[in-house]
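Thank you for making the time this morning. Please keep the sequence and the model in view while I talk.

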Amino acid sequence: MRSDDQLTSSSQAEERPALEIYDLGVIDYTKALELQRHYHKKVIEGSQGDVLLACSHEPVFTRGTSTLDEHIYKSPEELESLGFSVINVERGGSVTYHGPEQAILYPIINLHHHRTDVGWYMRSLEETIIRTLADHNIVGIRIPGKTGVWIDENSKIAFSGVRISRWCTLHGLSLNVLPCATQFAYVNPCGLGSIRVVSMSELTQTTLNIQGVTAQLMSHFMDVFEYRR
């Protein structure tokens with residue numbers, strides 16, 4: 001990460017636990033959420049070191065704490081008839097889509113071992129995505145006042161939403177690897193209005209492998225957060 005985003009002091013780095021990584025493949029959202037909450041409790045208790053869950057999901061819309069009814073254009077029953085689950089979650093932000101087209105990371109980490117700064121944590125998640133995009137010659141950008149990673153001021157390629165309790169993190173980031181704009185059309189993504197949702201495959205004009213991109217995300221996450229390998 002750039003010098004203006006210094007991560008930790010050397011003493012914090014020495015205290016940081018090793019990172020346990022679990023690649024879950026395509027998993028039902030509720031099962032992944034149960035795993036997150038399980039590890040989150042253990043991390044808070046101090047009986048578990050930092051954990052990173054990597055996965056994709058079966059099609060689901062999740063409603064964050066800022067979701068308004070008008071952000072979802074169809075009823076839960078209509079969405080379920082189309083093959084989508086709808087789940088309320090404790091993360092910040094509005095409604096978003098998760099599916100098998102995305103590479104997703106859920107870090108459950110103790111920020112006391114890094115930096116107890118929510119803004120720094122969100123920028124670090126974005127940096128993980130930006131570095132992964134750069135591997136494919138895609139330039140990802142941040143937009144002040146907005147979360148996630150963008151291609152331009154109206155085109156979003158990655159989403160992030162978190163909950164932090166006692167400085168331990170839940171939820172995380174999703175990166176659109178394969179096209180999924182049709183799925184996002186059923187909602188107002190993150191309450192942002194008529195944004196364009198894009199994917200890595202569309203921008204590179206290739207069919208990318210989800211597992212390969214997920215591996216790149218995990219590697220960059222370890223680098224950005226300075227975990228030992």
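Predicted model: local features only at pLDDT ≥ 70, side-chain atom pairs only at ≥ 80, totals over all residues.

Let me begin with a term: a residue is called buried under 20% relative accessible area, exposed over 50%, and partly exposed in between, with a 1.4 Å probe and protein chains only. By that cut-off Glu 101 is buried, because its relative accessible area is 12%.

Residues are numbered from 1 along each chain as its sequence is written, and side-chain values use heavy atoms, with hydrogens and water left out.

As for confidence, pLDDT is the predictor's confidence in each residue, from 0 to 100; the protein has a mean of 91, and 93% of its residues reach 70 or more. Over residues 1-14, however, the pLDDT is below 50.

Where does Glu 101 sit? Its place is in the loop between E5 and strand E6 (102-108), where strands are DSSP runs (E, at least two residues) and helices likewise (H or I, at least four), numbered from the N terminus. Taking contact to mean heavy atoms within 4.5 Å, and not counting residues up to four places away in sequence, Glu 101 touches several residues, among them Leu 175, Pro 179, Cys 180 and Ile 210. The C-alpha atoms of Glu 101 and Gly 172, which are 71 residues apart along the chain, are separated by 16 Å.
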